[in-house]
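Please read them with the structure open.

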Amino acid sequence: MRALGLDPVHDTRGTFDGLLEAMSRPGTIQPVPSPADHAVISTLVDHEVTLATDDDALHEALSDQGRMDVASPETADIVHTRDHTGWDVRECERGPLVEPSNGATIVYGVDTVAGGTREDCATATLTGPGVDGAATLSVSLPAAELSALAEAQASYPRGVDAIFAGDGCVAALPRSVTVEVA
């Protein structure tokens, strides 16, 4: 992934560690290499998964490596977006009851992801497995998008996993958490 400014060994290993920690402790902010959304996609995408992305540089880099298996956001294993236009997270694959882990992973490239409440961001309160009591997470997305994400996760064990990739950091909302948008 050198074409994206990432070391294919060290950066993907560091990103994997950050993602593992973020998924197991929802709402926490974990450091990863920058650009974080590219690091996440480079770590997760291989020849066995499908991807929907609106990022031309990422699409080209993965295509050059033979790792780009294109799908629509509604059918992709991984959906990556920075601009988020033209699709609804509630329409993404949620996995069947017999194999809910087949639900999509949504990677949002955002400008801001932070713990606590910020006036310039949409805020969600998280409860459930891996959360000590409740956690508050703020991301630079419209509140309507966080509400749609909460709806997409409301049919646990079915649902989508969400990763918010900010400036050198990630936070995650696995399908097992309950999300309340403020």
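**Notes on the predicted model**

1. Strand S3 (residues 78-81) is covered on both faces: Ile78 and His80 on one side, and Val79 and Thr81 on the other, are all buried. These are features of a predicted model, in which local features need pLDDT of at least 70.

2. Strand S3 belongs to an open sheet of six strands, whose order is S1-S9-S8-S4-S3-S2 and whose pairing is mixed. The edges of this sheet are strand S1 (30-31) and strand S2 (51-53), each of which pairs on one side only. Helix H1 (residues 10-24) packs on the sheet, where it touches S1, S8 and strand S9 (169-173). The direction of H1 makes about 35 degrees with that of S9.

3. On one side of S3 comes the pairing with S2, which is parallel and runs over three bridges. Within it, Leu51 has Ile78 in S3 as its bridge partner. Between the two strands the chain passes through helix H3 (residues 56-64), and this β-α-β crossover from S2 to S3 is left-handed.

4. The bridge partner of Thr81 in S4 is Tyr108. Further along the sheet, strand S4 (residues 105-109) and strand S8 (residues 161-165) are parallel as well and share five bridges. Here Val107 has Ile163 in S8 as its bridge partner.

5. Which side chain makes a polar contact with the side chain of His80? That of Asp37 does, at 2.9 Å. His80 lies in strand S3, and it counts as buried because its relative accessibility is 2%, against a cut-off of under 20%. Leaving aside neighbours within four places in sequence, the contacts of His80 are Asp37, Ile41, Leu51, Ala52, Thr53, Asp54, Asp55, Leu58 and Val107.

6. How many aromatic pairs does the structure hold? There is one. Tyr108 and Phe164 make up this pair and are stacked, with 5.4 Å from centre to centre and 20 degrees between the planes. An angle under 30 degrees is what counts as stacked. The pair links distant parts of the chain, with Tyr108 in strand S4 and Phe164 in strand S8, 56 residues apart.

7. A second open sheet has four strands in the order S5-S7-S6-S10, with antiparallel pairing. Strand S5 (113-115) and strand S10 (178-181) are its edges, and each pairs on one side only. From one strand to the next the twist averages 30 degrees. Strand S5 is joined to strand S7 (residues 135-139) by three bridges, and the two run antiparallel. Val113 stands opposite Val139 in S7.

8. Two peptide bonds deserve a look. The bond from Ser34 to Pro35 is cis, with omega near -5 degrees, and Pro35 sits in the loop between S1 and helix H2 (36-44). A cis bond also joins Tyr156 and Pro157, where omega is about 15 degrees. Pro157 is in the loop between helix H4 (143-152) and S8. As background, most peptide bonds are trans.

9. The last point concerns the segment before H1, where Gly5 is found. Gly5 counts as exposed because its relative accessibility is 57%, and the cut-off for exposed is over 50%. The C-alpha atoms of Gly5 and Cys92 are separated by 29 Å, and the two residues are 87 residues apart along the chain.

Notes: Residues are numbered from 1 along each chain as its sequence is written. This is a predicted model: local features need pLDDT of at least 70, side-chain atom pairs count only at pLDDT 80 or more; totals for chains, interfaces and linings use all residues. Side-chain values use heavy atoms; hydrogens and water are left out. Two strands pair if DSSP finds at least two bridges between them. Axes are lines fitted to C-alpha atoms, for helices over the stretch in contact, and angles run from 0 to 180 degrees between N-to-C directions. Contact means heavy atoms within 4.5 Å. Buried means under 20% relative accessible area, exposed over 50%, partly exposed in between (1.4 Å probe, protein chains only). A crossover is right-handed if, with the strands pointing away from the viewer, the path from the first strand over the helix to the second runs clockwise. A polar contact is a pair of N or O atoms within 3.5 Å; within protein, one must be able to donate a hydrogen and the other to accept it, and residues adjacent in sequence count only if both atoms are side-chain atoms. Rings of Phe, Tyr and Trp (its six-membered ring) pair if their centres lie within 6.5 Å; planes under 30 degrees apart count as stacked, over 60 as edge-to-face and the rest as tilted.
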